[in-house]
Amino acid sequence: MQEFGFELALCAHLEETTDSLVARQLGAAVASPGSRIVDTVLVEPGPEFDARTRITPSTIPALAVESAAGVGRATYWKDAFDCHPDVARRVADRAVELGFFERERRGGREYVRRTTRYPDDWFSRLVGIENKPDLGRPGDLERQLRTDVSLALFDEVVLATESYVTRAHLNRIPEEVGVWRFDPDSGEREVVREAATLSVADPGVELLDERPLRTDVAVVGAGEKARKRRRIAERAYGKGWRSYDLPACARMNLTDDGRPYCEHFGRVVDPGSDCGESCPGFEASDPSEPGLDAIRAERSPWVREPSGVARRQSGLDQFG
């Protein structure tokens, strides 16, 4: 099976068999943003999970969560952010759109305040999963997993594979990494090795570059890690794992759990790379609403239509 199909099958399995939120393809580097993308992430709900679900089904911008805007007192919008005003403007507008901020005007100046406190304890643990169906083609797997363990952004790190796992395979990856053997056709998952719990509250070491006789690393403080963990969890909440657009093709259908299944090829396909008018099985049809959000809401703790937390303040009608 293609890696994309394996990944979606595992996501669907984890969503069905755990109480966690499942997301895929999330950034997991701190000192070198964009250098590490984790295939699958599990976000285990915390004691304030319900408070998070009431705010918005979307990802709240990180800069809005980290801003100086509070609940009880309005702040001049530029003073609420430590970034370029153009970025602050976009973030403030998006936060208002999502109902996390509300704004008012005083003497020709715009002020913002939060509609509710951001619940920092809405998630408890994060599990990062690297999907490698074929261990015969490991690529940069060992380096990636060593970095994940030394940085310790995730409470647990797991390698998921379809291959038979040998002692030699286990010896080549850090002993802290858990190993699952997963059959995407049957949905059976075997825990070959349990994952160790990592020290997420302590500083970590991020591997930046490896060359002969030289290895570049960055020490990442506990505060930076905590901020990144919150960003990962928040992004996972808004994104989920069904983050693909479906083609307007009559032969494309959804499985019950929301995976894109092609009748022509008889398997789950990657719409981003496998579909289009150049495909020999393409049969044009009118685009339709796929209903992926409804499937996610039914199968996971994510709330599609929350009650909301916004309060009407005097002067808000000027921004209708």
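Biologist: Which residues of H1 are buried?

Modeller: This is a predicted model, and in it the buried residues of H1 are Phe4, Gly5, Phe6, Glu7, Leu8, Ala9, Leu10, Cys11, Ala12, His13, Leu14 and Glu15. That is 12 of the 15 residues, and the helix is therefore mostly covered, with buried meaning under 20% relative accessible area.

Biologist: How far does H1 reach from its first C-alpha to its last?

Modeller: Helix H1, which covers residues 3-17, reaches 21 Å, and this is close to the 21 Å expected at 1.5 Å a residue.

Biologist: And which strands does H1 lie across?

Modeller: H1 lies across E1, E2, E6, E7, E8 and E9, and its direction runs at about 145 degrees to E1.

Biologist: What is the strand order in the open sheet of six strands?

Modeller: The order is E1-E2-E6-E7-E8-E9, and the pairing in this open sheet is mixed. From one strand to the next, the twist averages 30 degrees.

Biologist: Which neighbours in there are parallel or antiparallel?

Modeller: Starting from the E1 side, E1 and strand E2 (residues 37-45) are antiparallel over six bridges, with Val22 having Leu42 in E2 as its bridge partner. E2 and E6 are also paired in the antiparallel sense, over five bridges, and there Pro45 has Phe123 in E6 as its partner.

Biologist: Is E6 enclosed or left open?

Modeller: E6 is largely enclosed by the rest of the structure, because seven of its nine residues are buried.

Biologist: What does H5 touch when it packs on that sheet?

Modeller: H5 touches E6 and E7 there, and its direction makes about 160 degrees with that of E7. Its buried residues are Leu141, Leu145, Thr147, Asp148, Val149 and Leu151, and these pack against strand E6 (123-131), strand E7 (156-161), strand E10 (204-211), strand E11 (214-220) and H7. After H5 comes Ala152, which has a positive phi near 55 degrees.

Biologist: Changing topic, how many aromatic pairs does the structure hold?

Modeller: It holds 11 aromatic pairs. One of them joins Phe6 and Phe182 edge-to-face, with 5.7 Å from centre to centre and 75 degrees between the planes. This pair links distant parts of the chain, as Phe6 belongs to helix H1 and Phe182 to strand E8 (residues 178-183), 176 residues apart. Phe6 and Phe182 are both buried.

Biologist: Why do Phe49 and Tyr237 count as edge-to-face?

Modeller: Their ring planes stand at 65 degrees, with the centres 6.2 Å apart, so the pair is edge-to-face, a term used for angles over 60. Phe49 sits in helix H2 (residues 49-53) and Tyr237 in helix H7 (residues 222-239), so this pair too links distant parts of the chain, 188 residues apart. Phe49 and Tyr237 are both buried, and ring pairs link Phe49, Trp122, Phe123 and Tyr237 into a cluster.

Biologist: Where do Arg109 and Arg267 lie?

Modeller: Arg109 lies over the face of Tyr76, at 3.6 Å from the ring centre, while Arg267 lies over the face of Phe265, at 5.3 Å from the ring centre.

Biologist: Tyr76 has come up now, so what is its bridge partner in E5?

Modeller: Its partner in E5 is Tyr111, and E3 and E5 pair in the antiparallel sense over two bridges. They belong to an open sheet of three strands, in the order E3-E5-E4, with antiparallel pairing. Strand E3 (75-76) and E4 stand at its edges, each with a single partner strand, so one side of each has no neighbour in the sheet.

Biologist: How do E4 and E5 pair?

Modeller: Strand E4 (residues 101-106) and strand E5 (residues 109-114) are antiparallel over six bridges, and Phe101 stands opposite Arg114 in E5. Their hairpin has two residues between the strands, and Gly107 takes a positive phi near 55 degrees there.

Biologist: Which helix lies across E4 and E5?

Modeller: That is helix H4 (residues 85-98), which runs at about 115 degrees to E4.

Technical notes:
Residues are numbered from 1 along each chain as its sequence is written. This is a predicted model: local features need pLDDT of at least 70, side-chain atom pairs count only at pLDDT 80 or more; totals for chains, interfaces and linings use all residues. Side-chain values use heavy atoms; hydrogens and water are left out. Helices (H or I, at least four residues) and strands (E, at least two) are DSSP runs, numbered from the N terminus. The expected span of a helix is 1.5 Å times one less than its number of residues. Buried means under 20% relative accessible area, exposed over 50%, partly exposed in between (1.4 Å probe, protein chains only). Rings of Phe, Tyr and Trp (its six-membered ring) pair if their centres lie within 6.5 Å; planes under 30 degrees apart count as stacked, over 60 as edge-to-face and the rest as tilted. A charge sits over a ring if NZ of Lys or CZ of Arg is within 6 Å of the ring centre and within 35 degrees of the ring normal. Two strands pair if DSSP finds at least two bridges between them. Contact means heavy atoms within 4.5 Å. Axes are lines fitted to C-alpha atoms, for helices over the stretch in contact, and angles run from 0 to 180 degrees between N-to-C directions.
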